[in-house]
Amino acid sequence: MTALRVLLVEDTEDDALLIARELRRYGLRIEPHRVETEQELGEALARASWDLAILDHNLPGFGGPEALRLLQEHGFGGPMIIVSGTIDEQTAVEVMRAGAHDYVMKDNLARLGPAIERELRDAEARRERQRTQEALDASERQSRTLIETMGDGLTMIDPEHRVTYANEAFAEMVGYRLDELVGVPLEQLYAPSSQERLAEQLARRFAEGVSAEYEATLLSRDGREIPVLTHATTLRDDAGEIVGALAVIKDITQRARAEARVRESEERLRAVFDASPDGVVALTADGRIIDCNASIVGALGARSTEDLIGKAAIDFIAPDQREDAVARLREVLRVGAARSLEYDVVSLDGERFPVEVSANAISDEEGNPVGVVLALQDISARRASEHEVQQLNQFRHSIIDQANIWLHVLDRDLNTIVWNPAAAEMTGVSPEEALHSHFTWEVMYPDPNEREAMLGTAREIIEEGRVLENHETIICTRSGGTRSISWNARRLLDAGGEPIGLLATARDVTEHKQLETQLRQAVKMEAIGRLAGGIAHDFNNMLTAILGNVQLISMRMDESDDNQRLLGEIRVAARRSADLTRQLLAFSRKQAMVPVALDLNAVIERIEPMLQRMIGEDISVLTNFDPYLGLTMADPSQTDQVLMNLVVNARDAMPDGGILTIETANAVLDESYAAGYADLQPGRYVMLSVSDTGIGMDRETQERIFEPFFTTKPEDRGTGLGLATVYGIVSQSGGHIYVYSEPGEGTVFKVYLPLLESGEAADLDERAGSEDLTGRETILLVEDEDIVRDLIATVLRRHGHSVLTAPDADEALEIAAGYDGQIDIMVTDVVMPGDSGPELARAMAQIRPEMPVLFISGYAENMVARQGVLQEGVHYLQKPFDPEKLLRKIRAVLSGER
């Protein structure tokens, strides 16, 4: 038993102890708390709850009545007992009226225990009655509130079906006041179509005493028909007799509308279901078809839905995909849905076509999966379109990948998003490094200022629509080299016309620029060559006259004459002038050539002793000959000149001595190498290399070394025609010359001459003749230059010949036609006013077919070649020449030599 919490209002501690002891003696477990004043009592009541209050009636300034009042104000519900030593009956009555439950005299405390026990029982009974009443009151309030506030109508009727009670909801439903409804037969409040059925139902309720629920239609005062669900149950009295009925009437207008909408929706859904171009199939949990629309019926080749009902859906999936389809069906039943599944469906007639499937599980009311709905879309057209797109993409990528021009696409942030193999090959930056970064810019333009300038140009293209065309820049490659690039760029727009990036195409014009440089150099060299060739003709005629007249004068003078020395100096100067003219002609590739099959190894061996004397003892000569070296067609004397000029150039580059290396080898110059030089054809060549360990050359010097009269030597050390002569001879021979040099690292010259596929090397031994140059032949001399004609005629006559002279072709033909004797040879200039020498020779062949012809000319070789002179079997002598050379050539022609 829980101890009673007892509140003792007592000013005498001894009396409080006596009271507590008496209660314990009686057998009550108590926890007493004593207070003396009104304040202490209030604090105790506020601080805790108490089961029992024992009050002393007489306290100083605070007695039993005041304590009772305070206890009641605090809602104290336990027994309140007055204890006093002097209370009379009148006072006792008053305190009982004031709320005390009993009073006990202090001299009779034995009565206190039973009184407390009784009052505790009475207090519990009072509390129970109070709780019951409160519960009844609350229930009644809740019922009334429920009836009044419920949304459904409620009415009570008597056995005659008259309304005895109705709530506000029902009154509002039918449009009447509550007092108007009392006494009205319930049937009258329903629509005529429902009155008869309602009367039958109510009669059964009163007869059988059971509840029922049925749908009917109310008729409101304003004529509105209201569909309702009526639930009626009978009311009985204490004897069990039926005394009335209670009807709960629910407005189901919204439900009726919803049901109508559901029906309409179902009808629409079914229409959509059947009319949908996509197939829709409903399956049981084990994959059997329970419904499908017309589209899937047609797609599967069935005649009607009934042909498919009950069939296993998996049987219509391609055999190689069925295992996956079964697994996906199980997954849908487990997780509820699946999207964008693709399978190949096989129709009843064996046609296979692709579909995209979306699946949703069907669940029962408890949420358990009982089936699956599939939506199937035929994606044959999409697959074909995707295939076309894929082919187009492959074609586009193929174009991008195989394009030999650089394709570069940037986004708005100037990150690379397309970088084709041509771009990677040109720059050395792989697509992986280039894509989605600025790395390419950092490689191509390592200088920050230059890079920012190019980025700024790219931004202008994207933002302002600037178009870049044939914009040339120099870029750096990944390997550290440089390339000349020509850019074209324009911005890219989206479908809305907004800029999204730019497309740049670039061509590597490095070789083109090099070829342009070479072409400019070639044009310059050609112009200089034409100038040299033009000078050569008149210069050669003058030198021929000078040399011839010097020799004639010398022949008339005694050998001891002091003037012989002066004539010798004139002869030397004239011959040097002739050499200078030959060098100019060699540079301009217009020197007369007599090519033969040459073995370069033999050429070098023949003149090697002379080369050694030319270079001096402080330079070592190393040779490295290819023992299987092929032959080439070249003029031996000009080949000697090439070799000697290269050796002299190497000697001058090594003033302090060094090593000169001469090598030969067979070589193949392929198309990639030949593409870098405008005048070079790919093919097989023989190579002559001359290298030194001298001072070398910078790039600027290398670009000018083949120009005539360009030299880096002191004024008294060279004319500047040595390398120009080499260049001319090699080019005229159909060859190519390559030079590589670095300052302080020496120089390498490589001469490539076309390989002669077959033939035997010519004999290079020179056999000087001491034959008699006099003769008795008749010679027809045709020369338009008077001084040259007179000189030649004089020389020929002094050596015993008869000479017929003519200044042009017409007069020569007249002389030949009118001369009765034999003319043994005709010596004619090639280029003359009127008919040329070859034209004269052809005309002369009609008159004197057996007469040989010797052509002479001071013009360059191309002019002579155009006249047809430099053909096999034709005799030709290049001006200037001295009398001895002319006489020897005439003697050779007359004797039948070439």
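Trainee: What makes the pairing of Arg383 and Glu342 a salt bridge?

Mentor: In this predicted model, the side chains of Arg383 and Glu342 meet at 3.0 Å, N to O, and since a salt bridge asks for a side-chain nitrogen of Lys or Arg within 4 Å of a carboxyl oxygen of Asp or Glu, the pair qualifies as a salt bridge. The pair links distant parts of the chain, with Arg383 in helix α12 (residues 380-402) and Glu342 in strand β13 (residues 337-346), 41 residues apart.

Trainee: Why are Arg383 and Glu342 called partly exposed?

Mentor: The term covers relative accessible areas between the buried limit of under 20% and the exposed limit of over 50%. Arg383 has 32% relative accessibility, and is therefore partly exposed, while Glu342 has a relative accessible area of 37% and is therefore partly exposed as well.

Trainee: Why is Glu73 called exposed, whereas Glu38 is called partly exposed?

Mentor: Exposed means over 50% relative accessible area, and Glu73, at 55%, therefore counts as exposed. Glu38 has 39% relative accessibility and so counts as partly exposed, as does Arg69, with a relative accessible area of 37%.

Trainee: How do you know that helix α23 is mostly covered?

Mentor: Of the 11 residues in helix α23 (residues 722-732), 10 are buried, where buried means under 20% relative accessible area. Among the buried residues are Leu723, Val726, Tyr727, Ile729 and Gln732. The helix is followed by Gly734, whose phi is positive, near 80 degrees.

Trainee: What makes the polar contact of Asp179?

Mentor: The side chain of Asp179 lies 3.2 Å from the side chain of Arg177 in this contact, a value to be set against the limit of within 3.5 Å for N or O atoms. Asp179 is found in helix α7 (residues 178-181), and at 54% relative accessibility it counts as exposed, because the limit is over 50%. In space, Asp179 is 9.0 Å from Tyr165, C-alpha to C-alpha, although 14 residues separate them in sequence.

Trainee: Which residues make the patch of negative charge on the surface?

Mentor: Asp810, Glu811, Glu814, Asp835 and Glu839 gather there, and helix α25 (residues 809-818) gives the most, with three residues. Glu839 lies in helix α26 (residues 837-847), and at 36% relative accessibility it counts as partly exposed.

Trainee: What makes up the nonpolar surface patch of about 260 Å²?

Mentor: The patch is made by Met542, Ile546 and Ile570. Met542 is found in helix α17 (residues 510-556), and at 49% relative accessibility it counts as partly exposed, because exposed would require over 50%.

Methods. Residues are numbered from 1 along each chain as its sequence is written. This is a predicted model: local features need pLDDT of at least 70, side-chain atom pairs count only at pLDDT 80 or more; totals for chains, interfaces and linings use all residues. Side-chain values use heavy atoms; hydrogens and water are left out. Helices (H or I, at least four residues) and strands (E, at least two) are DSSP runs, numbered from the N terminus. Buried means under 20% relative accessible area, exposed over 50%, partly exposed in between (1.4 Å probe, protein chains only). A polar contact is a pair of N or O atoms within 3.5 Å; within protein, one must be able to donate a hydrogen and the other to accept it, and residues adjacent in sequence count only if both atoms are side-chain atoms. Patches are made of residues with over 30% relative accessible area and no salt bridge: like charges are joined within 9 Å, nonpolar side chains (Val, Leu, Ile, Met, Phe, Trp, Tyr) within 5 Å. Accessible areas come from the Shrake-Rupley method with a 1.4 Å probe; for residues, only the protein chains shown count as cover. Lys and Arg count as positive and Asp and Glu as negative; His and the chain ends are not counted. The place of a charge is taken as NZ of Lys, CZ of Arg, CG of Asp or CD of Glu.
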